[in-house]
Amino acid sequence: MEHHSSIRPARAQPPFSSHLFWKGLLAGRTVSELVLVYGLLAIVLVETLYPLLWVLSGSLKTKEEVIANVWGLPSGFAWQNYTEAWRVAGIGARILNSVVVTATALALLLLVATPAAYALSRLRFRGRNVILALVVAAMLIPPQVMAIPLFMTARDLGLVNSRIGIAIIHAASNLPLSIFILRSFFLSLPAELEDAARIDGASRLQILGKVMLPLIRPGLALVTIFGFIEIWNDFFLAFLLLRDPALQTIPLGLVAFFQQYGSMWNLYFAALAMTTLPVIIVFVLMQKQFIAGLTAGAVKS
Amino acid sequence: MLTRITRIIRRDDDATVAAFMLAPAAVLFSLFFLWPFLRGLWISLTRWDGFSAPVFIGVANYAKLLGDRLFLGALENNLIFVVLILLLKNVLGLGLAILLDRAIFLRGPIRAAVFIPVTLSFAATGLLWSWIYNPVFGLLNAALDGLGLSALKLSWLGDADIALYSIIVVDVWKWLGFHAVIYLAGLQTIPDELYEAARIDGAGAVKRFRHITLPLMMPVVLINIILGLSGAFVRNFDIVQVLTQGGPNHATEVVMTYMVKTAFQDGNMGYASAMGYALFLIVALSCVLLLGLMRRSKVEM
């Protein structure tokens with residue numbers, strides 16, 4: 001993949017051995033240097049992880065204990081917070097809405113972006129460079145600045161208060177970057193591959209489906225992960241387009257729950273833990289792909 | 001008719017295939033990107049409540065922006081946001097990357113841990129921090145009490161003088177891991193031999209950083225700044241909306257929140273659209289300016 005070549009590690013990682021490991025860890029380091037490095041790292045870890053653990057521990061406290069015992073561990077396990085938050089905040093419906101919106105948007109995005117990226121990288125036709133320039137220009141325009149006309153267009157087309165409607169708009173706003181990423185994957189495949197298939201009598205569509213797609217799977221995964229994070233976490237578009245509470249996605253529903261009810265702090269903690277932990281667990285399991293997906297936007301230039 | 005269509009589909013020349021492959025993307029892109037962009041330009045030249053017939057008023061909306069104290073205040077907040085966020089994210093991100101680049105114990109898990117906030121939605125991050133800042137059961141004031149620093153306790157989001165800075169801290173917290181990972185990828189392309197040679201020549205840690213790390217990292221710094229720049233300008237709606245909704249008394253208003261209020265509370269679509277394009281113009285100009293500055297500083301080195 002061409003745009004990753006610049007960040008390939010130049011240093012070879014030595015095979016793991018505990019002797020070398022400790023030597024490497026301590027080599028040429030004074031004690032004060034080690035204290036400084038690990039001290040700073042400890043601070044970073046605490047400020048990153050402690051707030052998250054705090055939510056987890058708060059979600060198991062009773063309403064009174066949340067205020068009486070702010071940063072300690074819970075004295076018992078108030079599991080009923082979870083069942084009650086699930087019911088009161090309507091979390092099941094919110095998760096369903098988020099799944100419908102995200103899955104529809106991603107399916108549409110891949111279906112539309114893949115052939116377009118193929119055409120822009122592998123086919124020769126007039127106007128190709130103009131279209132490419134348009135794609136790059138669109139990547140530089142943050143869609144948020146045209147929120148008002150986008151809302152008006154969605155309203156005219158009957159796409160306000162529609163999960164499919166917001167999914168279509170998500171797919172459209174992720175389109176330029178996705179085409180750009182997929183195109184670079186197509187470009188990295190050798191031309192001989194396609195020529196051989198052509199000689200065997202395969203049509204362009206067959207080549208795309210049977211020869212190319214399996215080979216650009218990492219690119220499709222990258223687009224999926226990048227799009228997933230954007231769409232699953234989106235607040236702004238949902239805030240504009242999903243006015244009906246029954247259609248709210250998780251981020252919108254969480255904020256509405258928090259602003260609507262009084263001081264049900266323990267339930268807020270439980271609602272946040274329930275909706276956030278699955279994403280963190282998925283991230284920890286697939287962190288390599290996630291980090292690559294999220295930094296793809298950075299490396300694209 | 002049908003035979004003609006099948007004949008066209010059977011044609012396998014590049015231009016025809018490309019047209020078919022690009023058509024879905026072209027439809028999505030035109031409807032939800034190109035058309036709203038052009039339509040918004042038109043709307044910004046009118047007085048329009050979103051329902052009755054728009055009245056063309058030329059550039060009056062743009063002229064009005066220059067005298068609107070609330071807009072200028074929001075723009076000033078935006079600029080404070082941009083400058084502080086770029087500074088903090090890059091200095092802290094590079095610092096964290098340098099820490100992580102060392103042969104430290106548990107580097108993989110630590111890198112994953114600092115990346116976790118990046119995967120959270122702005123809604124979740126905002127809610128979490130609105131509780132951390134909460135005067136009743138908030139983590140921050142409780143921690144200050146615990147450290148015997150009760151005098152420093154503040155109403156973090158309620159005090160007009162500091163609310164903006166409290167929000168900036170949240171944004172930096174969320175994105176620090178992202179910038180650190182990008183810097184880490186850059187640091188790993190610097191060959192060890194360079195540092196080795198400098199060490200033999202007697203260069204200390206500070207000199208090595210100034211003369212090797214920093215110059216070689218300039219392209220990565222540029223990527224990080226450009227990425228953070230448009231983000232700091234336009235992607236702050238969610239976090240401000242969740243934490244303060246622009247309050248207290250517009251102290252944390254940014255252009256995006258003011259734009260949404262103008263459109264959907266005051267029903268002034270033309271004026272709101274003009275804000276969007278003015279912001280876009282400012283982002284584009286800042287990018288160009290920054291790229292120019294960067295290019296010049298590179299020549300000097």
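Modeller: Helices are DSSP runs of H or I with at least four residues, strands are runs of E with at least two, and both are numbered from the N terminus. By that count chain A has 15 helices and zero strands, while chain B has 13 helices and two strands.

Biologist: What makes chain B more spread out than a compact globule?

Modeller: The radius of gyration, taken over C-alpha atoms, is set against a globule rule of 2.2 Å times the number of residues to the power 0.38. For 301 residues the rule gives 19 Å, and chain B has 25 Å, well over that value, so chain B is more spread out than a compact globule. Along the principal axes, the C-alpha atoms of chain B fill a box of roughly 75 × 60 × 40 Å.

Biologist: What kind of model is this, and how are its parts numbered?

Modeller: It is a predicted model, in which local features need pLDDT of at least 70, side-chain atom pairs count only at pLDDT 80 or more, and totals for chains, interfaces and linings use all residues. Residues are numbered from 1 along each chain as its sequence is written, and chains are lettered from A and ligands numbered from 1 in the order in which they are written.

Biologist: How do you know that helix α12 of chain B is largely enclosed by the rest of the structure?

Modeller: A residue is buried if 20 or more other C-beta atoms, placed from the backbone, lie within 10 Å of its own, exposed if 12 or fewer do, and partly exposed in between. Eight of the 10 residues of α12(B), which spans 255-264, are buried, so the helix is largely enclosed. Among them are Val255(B), Met256(B), Tyr258(B) and Met259(B). Across the 301 residues of chain B, 42% are buried.

Biologist: Why is His250(B) called partly exposed?

Modeller: His250(B) has 17 other C-beta atoms within 10 Å, which falls between the two cut-offs. It sits in the loop between α11 (237-243) and α12 of chain B.

Biologist: What makes Asn161(A) count as partly exposed?

Modeller: Asn161(A) has 15 C-beta neighbours inside 10 Å and therefore counts as partly exposed. Its place is in the loop between α7 (147-156) and α8 of chain A. Asn161(A) is not a glycine, yet its phi is positive, about 60 degrees.

Biologist: Why are α6(A) and α8(A) called oblique to each other?

Modeller: Angles run from 0 to 180 degrees between N-to-C directions, with axes fitted to C-alpha atoms over the stretch in contact. Under 35 degrees is roughly parallel, over 145 roughly antiparallel, 65 to 115 roughly perpendicular, and the rest oblique. Helices α6 (residues 128-140) and α8 (residues 163-187) of chain A pack at about 125 degrees, with axes 8 Å apart; they are therefore oblique. Val135(A), Ala138(A) and Met139(A) of α6(A) make the contact with Pro176(A), Leu177(A), Ile179(A) and Phe180(A) of α8(A).

Biologist: How do you know which residues of chain B are in contact with chain A, and how many are there?

Modeller: Two residues are in contact if their C-beta atoms, placed from the backbone, lie within 7 Å. On that test 74 residues of chain B are in contact with 74 residues of chain A. Helix α2 (residues 14-43) of chain B gives the most to its side, with 18 residues.
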